[in-house]
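Hi,

Here is the structure I promised to pass on. Please have a look at it first, and then read my notes below.

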Amino acid sequence: MAQIPFCSLRLGVNPALGVLDLVIDPIGNGRGRMAIDRTPATPLLIALGTDRRADADDVLPEMMTAPAGARPGLFAYRGWAGDICLPAEQRYGWKGWLLARAGNTEATRVAAADYAAQAVSPIAEYHGVEIDTSASWYDRARGILQITVSAAAVRVAQRVTAL
């Protein structure tokens, strides 16, 4: 399989806010240029930081205690608006948000690992690289999972609260 090189605007985690932010390389005199990322870091950050739209048969966190037969609201399936531009059955991001009230069970950990693998599989296929995914309990008593994806010596981690 041919390997397509990575090239995207670099995103980094803003530690003060805990959010992704565009990285600017300083060039002097208070000016800067947008940084270019030639590693899988930015695509992996986007994959784990973007909500994938839930499928019709997914159990939505806010619907777990709803009366039988209740229909979810308009925005309950969340997801990325750009999904409407993708081919049928293709979605962007990951479904980790569905685990918000799943509990600290082994089934939750397995689901988190599966959601991570689904999120990064389009990146692996397009770029022709292998991406490893894992999910482990960071703090099981508090229901916090750590999701880790790694490719080409780059490792990205995301924590999810499942209680």
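In which strand is the place of N14? N14 sits in strand β2. Helices (H or I, at least four residues) and strands (E, at least two) are DSSP runs, numbered from the N terminus.

Before I go on, a word on the source: this is a predicted model, in which local features need pLDDT of at least 70 and side-chain atom pairs count only at pLDDT 80 or more, while totals for chains, interfaces and linings use all residues. Residues are numbered from 1 along each chain as its sequence is written, and side-chain values use heavy atoms, with hydrogens and water left out.

The chain as a whole

The chain has 2 helices and 9 strands, and along the sequence they follow the pattern β-β-β-β-β-β-α-α-β-β-β. The C-alpha trace spans about 60 × 40 × 35 Å along its principal axes. Of the 163 residues, 35% count as buried; here buried means under 20% relative accessible area, exposed over 50%, and partly exposed in between (1.4 Å probe, protein chains only).

The chain exposes about 10,000 Å², and carbon and sulfur atoms supply 54% of that. Accessible areas come from the Shrake-Rupley method with a 1.4 Å probe, and for residues only the protein chains shown count as cover. Among contacts between residues at least 6 apart in sequence, 55% join residues at least 24 apart, where contact means heavy atoms within 4.5 Å.

As for charge, the chain has 16 positive and 16 negative side chains, and the centres of the two sets lie 6 Å apart. Lys and Arg count as positive and Asp and Glu as negative, whereas His and the chain ends are not counted. The place of a charge is taken as NZ of Lys, CZ of Arg, CG of Asp or CD of Glu.

Strand β2 (residues 11-14) pairs with strand β3 (residues 19-22) in the antiparallel sense over 4 bridges; two strands pair if DSSP finds at least two bridges between them. Within this pairing, G12 stands opposite D21 in β3. There are 4 residues between the strands of the hairpin, and G18 takes a positive phi near 70 degrees. N14 counts as buried because its relative accessibility is 19%. Residues up to four places away in sequence aside, N14 touches V19 and D21.

Helix α1 and what follows

Is α1 largely enclosed or left open by the rest of the structure? It is largely enclosed, because 7 of its 9 residues are buried. The buried residues are A41, T42, P43, L44, L45, A47 and L48.

T50 comes in the loop between α1 (41-49) and α2 (106-127). T50 is buried, since its relative accessible area is 13%. A polar atom of the T50 side chain lies 2.7 Å from the backbone oxygen of I46. Neighbours within four places in sequence aside, T50 is in contact with W80, Y92, G93 and W94.

W94 is found in the loop between α1 and α2 too. W94 is buried because its relative accessible area is 3%. Not counting residues up to four places away in sequence, W94 touches a list of residues that includes A47, L48, T50, Y115, A119, I147 and V160. W94 and A113 are 19 residues apart in sequence and 10 Å apart in space, C-alpha to C-alpha.

Loops with positive phi

N29 is not a glycine, yet it has a positive phi of about 55 degrees. N29 lies in the loop between β4 (24-28) and β5 (31-34), and it counts as exposed because its relative accessibility is 80%.

A152, in the loop between β8 and β9, also has a positive phi, near 50 degrees, in a residue other than glycine. A152 is exposed, with a relative accessible area of 57%. A153 is found in the loop between β8 (144-151) and β9 (154-161) and is exposed, with a relative accessible area of 89%.

Technical notes
A polar contact is a pair of N or O atoms within 3.5 Å; within protein, one must be able to donate a hydrogen and the other to accept it, and residues adjacent in sequence count only if both atoms are side-chain atoms.
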